[in-house]
Amino acid sequence: GGQVRRVADRFALVAAAGELASEAGITGWDRGEAARAAQVLFKAWLVERGSDGAGEEIAIIRQVARVLTERGEANFPWWHRAGDDHRPNATTRWGLRRLIEKDGAKIESNSDFYANYGEKMTPEAAASSTSEFFFLLAPFRAEAAKGYEPHHVADVLYKRGHLIPEAVGGRLDRKERLPTIGSVRCYRIQPTIFGDELL
């Protein structure tokens, strides 16, 4: 993984500096001792970390999935109910979530919902449906990407197949017309994140 490579590069730099210092007579160590010490420390770091894979990627996927799981209902009102003045209001809206049926059809309005489910979804229908999230940029930076560079988080989501980028221009965020919000830039995160093998 990239993180392991970066850490290995730093240990190699320390080893090289130690060897140069030894050659200059500063440390009093035998030739190769600084390199061996750096190698021992790097291996100890690797054991503590648990693997030489993409640990940072794992942490990012887990963090974003956790944020969506814990805050999905409270901070992402349903797309189809966005204009419904009888729905419960989100105290802090981070975006919207859109219901996706088993066949991939998207529920865009209350009339779509009622046509498919009536007043209430059956447990079977709920179990077979999923949700995609439209995460506004500011809350994405503050919550989903907390502790990381936001573009890197979006890039990890995209590479893992959980983010739909803008169709033209190569941007990872995209312009969407969200009900009651209007035309905004956001990240469109797919429900596949919850089945990621890194979780």
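Q: Which side chain does E197 meet in a salt bridge?
A: E197 pairs with R160, at 3.8 Å from N to O. Keep in mind that this is a predicted model.

Q: Where do those two sit in the chain?
A: They link distant parts of it: E197 is in the segment after β5, while R160 is in the loop between α7 and β3, 37 residues apart.

Q: And R160, is that buried, partly exposed or exposed?
A: R160 is partly exposed, with a relative accessible area of 27%. E197 is exposed, at 69%.

Q: How many salt bridges does the structure hold?
A: There are 14. Some share partners, and those join R98, E108, E132, R174, E176 and R188 into one network.

Q: Let's look at E132 then. Where is it?
A: E132 is in strand β2, which spans residues 130–136.

Q: Buried or exposed?
A: E132 counts as buried because its relative accessibility is 0%, and the cut-off for buried is under 20%.

Q: What polar contacts does the E132 side chain make with R98 and R188?
A: The E132 side chain makes a polar contact of 2.7 Å with the side chain of R98. With the side chain of R188, the polar contact is 2.9 Å.

Q: What else is E132 in contact with?
A: Leaving aside neighbours within four places in sequence, the contacts of E132 include L96, R97, I100 and K106. On the R188 side of the sequence, I189, Q190 and P191 are also among them.

Q: What about R188, where is that and is it buried or exposed?
A: R188 lies in strand β5. R188 counts as buried, at 12% relative accessibility.

Q: Which residues does R188 contact, leaving aside the ones within four places in sequence?
A: R98, K106, E132, F133, F134, H162, L163, I164, R174 and E176. Of these, R98, E132, R174 and E176 turn up in the salt-bridge network with R188 too.

Q: OK, switching to α7. Which of its residues are buried?
A: In α7, residues 150–159, the buried ones are V153, A154, V156 and L157.

Q: Why are those on the same side of α7?
A: They cover an arc of only 160° around the axis, so they end up on the same side of α7.

Q: What does that side pack against?
A: The buried residues of α7 pack against α3 (55–75), α6 (137–144), β3 (163–164) and β5 (182–189).

Q: What goes on at the start of α7?
A: A side-chain oxygen of E149 reaches to within 3.0 Å of the backbone nitrogen of H151.

Q: And just after α7?
A: G161 takes a positive phi there, about 85°.

Q: Which residue does D155 form a salt bridge with?
A: D155 pairs with K159, the closest N and O atoms being 3.0 Å apart. Both lie in α7, 4 residues apart, about one turn of the helix.

Q: Why does that spacing matter for which way residues point?
A: An α-helix has 3.6 residues a turn, so residues three or four places apart point the same way.

Q: How accessible are D155 and K159?
A: D155 counts as partly exposed, at 21% relative accessibility. K159 counts as exposed, at 62%.

Q: What about R66 and E70, how do their side chains meet?
A: In a salt bridge, at 3.4 Å from N to O. R66 and E70 are 4 residues apart in helix α3, so about one helical turn separates them. R66 is partly exposed, with a relative accessible area of 40%, and E70 is exposed at 51%.

Q: What lines the second largest pocket?
A: W78, H80, R81, L99, N110, F113, Y114, E119 and M121. Helix α4, residues 110–117, gives the most to that lining, with 3 residues.

Q: How far is E143 from N110 in space?
A: 29 Å, C-alpha to C-alpha, and they are 33 residues apart in sequence.

Q: Last one: where does E143 lie, and what is it in contact with?
A: E143 lies in helix α6 and counts as partly exposed, at 28% relative accessibility. Leaving aside its neighbours within four places in sequence, E143 is in contact with Q63, V67 and W94.

Definitions and conventions:
Residues numbered from 1 in each chain as written. Predicted model: local features only at pLDDT ≥ 70, side-chain atom pairs only at ≥ 80, totals over all residues. Heavy atoms only, no water. Buried < 20%, exposed > 50% of the residue type's maximum accessible area, 1.4 Å probe, protein only. Arc of directions from axis to C-beta. Contact = heavy atoms within 4.5 Å. Polar contact = N/O pair within 3.5 Å; in protein donor to acceptor, adjacent residues only side chain to side chain. Salt bridge = Lys/Arg side-chain N within 4 Å of Asp/Glu carboxyl O. 1 Å grid on protein atoms, 1.4 Å probe; cavity = no way out; pocket = protein on both sides within 12 Å on 5 of 7 lines; lining within 4 Å.
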